[in-house]
Amino acid sequence: MDRRPPALELRGVSKQYGPVTALSSVDLRLERHEVLGLIGENGAGKSTLISVINGTVSPSEGQLLAGGNIVSPGSPADAARAGIATVFQEQGLVASLPVFENILLGREAGFSRGGVLSRKAMARFAADVLNELGIAIDPFAITGSLAFGERQLVEIAKAFALGRIYPVEPVILLDEPTSALSDAETQILFNSIRRWRGKASIILVSHRLSDVFAVCDRVAALKDGTVNGTWPVSEVTADTLHEAIVGRPRSAGYYKESEQREDFGEIVLEVRDLVVPGQIEGVSLTVRAGEILGVAGVLGSGKTALGHAITGAVAGKGEIAVDGRRLRPGSRAAALAADVGSVPAERNSAGVIGMHSVEWNLTLPSLKSFRRGRWPVLSAKKQAGVTDDWIRRLRVRTPNRAIQIRNLSGGNAQKVVFAKWLARGIRLFVLDDPGRGLDVGAKEEIYALLRKLAREGVAIVLISDNLPEIIGLSNRILTLRAGKISAELAAPAHDKPAETAVVTHMV
Ligand SMILES: Nc1ncnc2c1ncn2[C@@H]1O[C@H](COP(=O)(O)OP(=O)(O)OP(=O)(O)O)[C@@H](O)[C@H]1O
Ligand SMILES: [Mg+2]
């Protein structure tokens, strides 16, 4: 029997942020070579727990032991020496640097010979790590030029690289790595995790129960900052975990098919012969008031670029019209003037501004409506009222409306991205992977809201990697392949297409 101490042990760990209790007396063990899933609602304390372990946050109380030794609290350097490496929920790569420098950022010291940094040795090392993980990314590519999912893979390579630098068995902490990955990229990650079994101990935070069942040995649920239960994965069901996260059983009709409209109003969005060089090669489509159009496709199919073009984030050739009025290509202002709302895939960079308050972020698109009469004086009281109303309706977990949004948990910040459009009133809603980072309960609330918007006559374009979500929510599904529409499938509530029927047209 292995008598060596567990890879990690947390004893009575608590963390207070002013009045907010993020963690409360957490006792948790990560056994050696174990893959432990960590699940829980938005704001349950998962990221805080990860940050306590990697030393970026000091606990208010309690102790952390790695391999039986006490790790000094709040010391990232001590944690790194103990082999602890993290893939953060928000990406922390330097966009202007090549991939290999990001992988070895802060670890360059090991690559200097006689005081001279060997970039060649660094690049070779990084190439080896990428190779070992099966990640086909050029180590010399400039990080900022990579797609979002590819950058996430670089983050992962960076964490695994640490395990080769320090002469200790690595403890790898992955905070929602799969929420930014496509299905294919998720498989690359899972294969890496399987390959590292027996060489590393891993904690994987995820809102996808399928991730837990795919690679974890054991799973722990957090609820309101405390451990709500742990189970061996082989002995637990999805329903049990769902209930441990949300506190109530999973309801039937997750996607509210019974509330799906089958009759639509006038054409709201018309796209004709859209071309975005290298990404979209001639796409035409229409969406009517009250209709949910799903757009499916693999990475590189052009689906994210389609959303960008419609919302004015990139300029395409061809025609995009909302309510019969042509939008100026590449103009976010024009899209906003036409009442186009968007939840972009790059949520942290394009969805919210972290330094600003919840209220500022939530009311930004609707500032005009807070004018007092003809005067450009904002009605602060009204603005505050609207903010509080949406915080309540979407159950955004925040102490108040004035707090900087970067202090909110990832999923709660995302709810604010939704709320800012709902508060404003929109004609067309373009969503790229709207369920990303939301816990299973919050997802259900968002789906219900999309149904309600459709009933009110909003046209919705739903771009997603999540096939059950696309099939469940959409009236009609377009599949994209290499920048072109490869198929159009009807998806009425009583006759939803099978996943395989959609996938066939994606690959
Ligand atoms: N720096 C901070 N200042 C104030 N409150 C904070 C800070 N960081 C986290 N919190 C609060 O602590 C609680 C736990 O947040 P945490 O980010 O750990 O949640 P989470 O489980 O990771 O959620 P998600 O699934 O949304 O990522 C939340 O209520 C959050 O608002
Ligand atoms: Mg988190």
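Trainee: What are the domains of this protein chain, and where do their bounds come from?

Mentor: The chain splits into domain 1 (8-246), domain 2 (251-339 + 426-507) and domain 3 (353-425), with bounds from an automatic or database domain assignment. This is a predicted model, where local features need pLDDT of at least 70 and side-chain atom pairs count only at pLDDT 80 or more. Residues are numbered from 1 along each chain as its sequence is written.

Trainee: What makes Asp-224 and Arg-397 a salt bridge?

Mentor: A salt bridge needs a side-chain nitrogen of Lys or Arg within 4 Å of a carboxyl oxygen of Asp or Glu. Asp-224 and Arg-397 have N to O at 3.2 Å, so the pair qualifies. Between domain 1 and domain 3 the count is two salt bridges.

Trainee: How much area do domain 1 and domain 3 bury between them, and what does "buried" mean there?

Mentor: About 510 Å², 46% of it on carbon and sulfur atoms. Buried area is the accessible area (1.4 Å probe) that two parts lose on being put together, summed over both.

Trainee: Why is Ser-409 with ligand 1 called a polar contact?

Mentor: A polar contact is a pair of N or O atoms within 3.5 Å; within protein, one must be able to donate a hydrogen and the other to accept it, and residues adjacent in sequence count only if both atoms are side-chain atoms. A polar side-chain atom of Ser-409 lies 2.7 Å from an oxygen atom of ligand 1, so that pair passes. Asn-42 also places a polar side-chain atom 3.0 Å from an oxygen atom of ligand 1.

Note on methods. Chains are lettered from A and ligands numbered from 1 in the order in which they are written. Side-chain values use heavy atoms; hydrogens and water are left out.
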